[in-house]
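This briefing concerns the arrangement of helices and strands in one protein model. Please consult the sequence and the structure shown below while reading.

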Amino acid sequence: MKKKVLILTDHSNHSVENSLYKLSVKMLEHHLVESVDIVTRGNKINDAFFEGNSNFSLWATRIDENFAFNKENHPLSNAFDQVDPEMYDLVWLRLPPPLSEDFLQFLDSVFSNTVIVNNPNSIYETGSKKFLMNFPQICPSMKICSSIEDIDEFRKQFPIVLKPYNEYGGRGIIKIDQDVVSSGLTTFSFEDFAKQYSQNPIEYLGVKFLKNVKEGDKRIIVVNGEILGASLRIPANDSWLCNVSMGGSSNMAEIEPEEKLMVEQVNPILVEKGIVMYGMDTLVNDDGKRV
């Protein structure tokens, strides 16, 4: 029996490089798929749903084989119909983080009788950079930084990067090298950073800055424990951030033996939590090995 698929996304910041468009068309071509509908957070008509309001209506766009990104006339900006959440056999989450725990629990209740990829109850935990603390043997030196004292202690060992737990695309990342603090292309002193931090303290994952970052950040895609492919993202000439959204470039890449071993260590823990489709990023450490 063919299945009806619903994809949840937010097309507001999509670009022609977003994989949603080609992947959804390929999904539509599958012999087990009857239809593919897309609901986007980018349409205000769906605000009640994405705000977790139980009194919501759901409006979707049904795609066809010609579905493609178009900046001037985006296919998700119009042509939507009201749909019943219970009509779907599979829900695929393609929403950018951060997603609140409340909203993820709301999703689980709305689609309680539907298969959701991935399990909403585990996305908040596993999607946080803090989750990397479970794998110290395959990561650079890391530290949970809950205070300016934590940050100060960690930065005295080597240059570090501070990563907000639930941000993505390079947003909010801070680099500290001795007394020089960098945020994007802006630099200032650690003393100034400490003053700013005291006004808005947050918890970071502190990670040792890897001097070989220019060799690229490799995104490895894994589904059901199988590596499907990888892309190597290289930072722009004036940056150390590899994210394409921050000016980096992306090209197809090969998988190295140590990366296969990393997947073998990470995958069983993720599968146990209901995470069956994910991306894993690797960088070259100071010894020339990917971590």
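Is the crossing of α5 and α6 left-handed or right-handed? In this predicted model, the two helices cross in the right-handed sense.

- Helix α5 comprises residues 148–155 and helix α6 comprises residues 190–199; their axes lie 11 Å apart and form an angle of about 155°.
- Because angles over 145 degrees count as roughly antiparallel, α5 is described as roughly antiparallel to α6.
- On the α5 side, the contact is made by I148, I151, D152 and R155.
- On the α6 side, the contributing residues are F190, F193, A194 and Y197.
- Classified by residue type, the contact of α5 with α6 has six nonpolar and two charged residues, and no polar ones.

**The sheet**

- An open sheet is formed by six strands in the order β7-β12-β8-β9-β10-β11, and their pairing is antiparallel.
- The edge positions are taken by β7 (142–145) and β11 (186–189); each has a single partner strand, so one side of each is left without a neighbour in the sheet.
- On average, neighbouring strands of this sheet are turned by 25° against each other, direction ignored.
- Within the sheet, strand β9 (residues 174–177) pairs with strand β10 (residues 180–183) over three bridges, in the antiparallel sense.
- I176 has V181 of β10 as its bridge partner.

**Helices against the sheet**

- Residue F80 is located in the loop between β3 (58–62) and β4 (81–83).
- The relative accessibility of F80 is 25%, so this residue counts as partly exposed; the buried class would require a value under 20%.
- Between F80 and P140 the separation is 60 residues in sequence and 46 Å in space, C-alpha to C-alpha.

Notes. Residues numbered from 1 in each chain as written. Predicted model: local features only at pLDDT ≥ 70, side-chain atom pairs only at ≥ 80, totals over all residues. Heavy atoms only, no water. Axes fitted to C-alpha atoms, helices over the stretch in contact; angles between N-to-C directions. Helix = DSSP H or I, 4+ residues; strand = E, 2+ residues; numbered from the N terminus. Parallel < 35°, antiparallel > 145°, perpendicular 65-115°, else oblique. Left-handed = near helix turned anticlockwise from the far one by under 90°. Contact = heavy atoms within 4.5 Å. Nonpolar A, V, L, I, M, F, W, Y, C, P; charged D, E, K, R; others polar. Pairing = 2+ DSSP bridges. Buried < 20%, exposed > 50% of the residue type's maximum accessible area, 1.4 Å probe, protein only.
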